[in-house]
Structure formats: C-alpha cells, structure tokens
Amino acid sequence: MSTAVRVVFDTNVLISIFVFADSRLAPLWGEVVAGRWVALTNAPCLAEFKRVLGYPLFALASVAQEAAYTAYLAQAESVDAVPPQAAALPRCKDHDDQKFLELARDGHAHWLVTADKLLLKLDRRQRLRGQFSILTPEEALQKVGAIDTARSSK
C-alpha cells in the first residue's frame, strides 16, 4: 500500500467543501475520509477557519459552524511548527497566506490546494521546487481522476 498524500487545504477550499457543500470538490474531501489523503492543519489555520465560518456573509448558525469545524478537525492531522532553521520559504504578498506555506513545509505536505491567486503564482515561479506543489482544486481533482484534463482545460 502506498503512503497517503499529505495535503493542506486553504481556507477558501474548506469553505467551498464545508459551507457551500460544493459537489465538485466532494472528491477531494472523499480522499481524506477514505484515508488516501491526510489533511494537515495547525493552530493558526484552524483559527482562521473558525473565524471565517463565523462571517455574517455565510449566515451560518453557530450549530452549523461548530459542525463544520468539528467535521474538519475530526479528519485533520495537527502539525506543530518546526524550529526556525527549517527550509526557507518565499514570502507570499498576502501575509495572511504565509501560514499555509509554513504548514505545508512543517507538515511535509505533497500539495497545498488553494484557489488563491497569490499562492498559485508562487508555484508557477517554481520557488518551492522540491518542497511541495501548490495546486488549484481543479488540478487536485485531476490527480484523483475526478475530472479529465480535456474537460478542465476548456
């Protein structure tokens, strides 16, 4: 049996999965539930997810917020920060997104899955080569065969 893929989901992806129940992204979470992927998190990323769940824009009742948070926490592996001598990372222009890069590094992630353009730009510049890849949700879906390449390139 192969090793599970270690994945960091940015908050925007988690909101699509847990708040909007985006059926297109259900296969991504299905990989975690099936044990083929390990969702990684840490205290700063959990705090952001919890804060965003409470945005008035989403109008989620506190029970629904807690259910989403608990469902994620039940499947995610918590990662501790590594010492300062860890591999250097490029700086993301959006300081709030740096924590996802750090989590991916500290958790030895294979992928960081995000729709954030600034994070995706870092990967296009190949500044993370040898550490982890930054994928769009669609690219991650291609990895699991949930969408085909021809359809997603249209």
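Me: Is Glu138 buried, exposed or partly exposed?
Reply: Glu138 is partly exposed, because its relative accessibility is 32%. The cut-offs: buried is under 20% relative accessible area, exposed over 50%, partly exposed in between (1.4 Å probe, protein chains only). Bear in mind that this is a predicted model, where local features need pLDDT of at least 70, side-chain atom pairs count only at pLDDT 80 or more, and totals for chains, interfaces and linings use all residues. Residues are numbered from 1 along each chain as its sequence is written, and side-chain values use heavy atoms, with hydrogens and water left out.

Me: Which side chain does Glu138 meet in a salt bridge?
Reply: That of Arg24, at 3.2 Å, N to O. A salt bridge here is a side-chain nitrogen of Lys or Arg within 4 Å of a carboxyl oxygen of Asp or Glu. Glu138 sits in helix H7 and Arg24 in the loop between H1 and H2, so the bridge ties together parts 114 residues apart in sequence. Helices (H or I, at least four residues) and strands (E, at least two) are DSSP runs, numbered from the N terminus. Asp22 belongs to the network too, linked with Arg24 and Glu138 by salt bridges.

Me: How many salt bridges are there in the whole structure?
Reply: Eight. One of them joins Lys99 and Glu48 at 2.7 Å, N to O. Lys99 is in helix H5 (residues 98-106) and Glu48 in helix H3, 51 residues apart.

Me: And are Lys99 and Glu48 buried or exposed?
Reply: Both are buried. Compare Arg36 and Glu31, whose side chains also meet in a salt bridge, at 2.9 Å, N to O: Arg36 is partly exposed at 48%, while Glu31 counts as buried at 12%.

Me: Switching to the inside. Which residues have the most contacts within the largest nonpolar core?
Reply: Phe9, Trp37 and Tyr72, in a core of 29 residues. Such a core is a set of buried Ala, Val, Leu, Ile, Met, Phe, Trp, Tyr and Cys residues joined through side-chain atoms within 4.5 Å. H1 gives the largest share, five residues.

Me: What does Phe9 touch, leaving aside neighbours within four places in sequence?
Reply: Its contacts (heavy atoms within 4.5 Å) include Leu14, Trp29, Trp37, Phe100 and Val113.

Me: Last one: which strand is Glu77 in?
Reply: Strand E3, residues 77-78. Among the residues Glu77 touches beyond four places in sequence are Arg6 and Val38.
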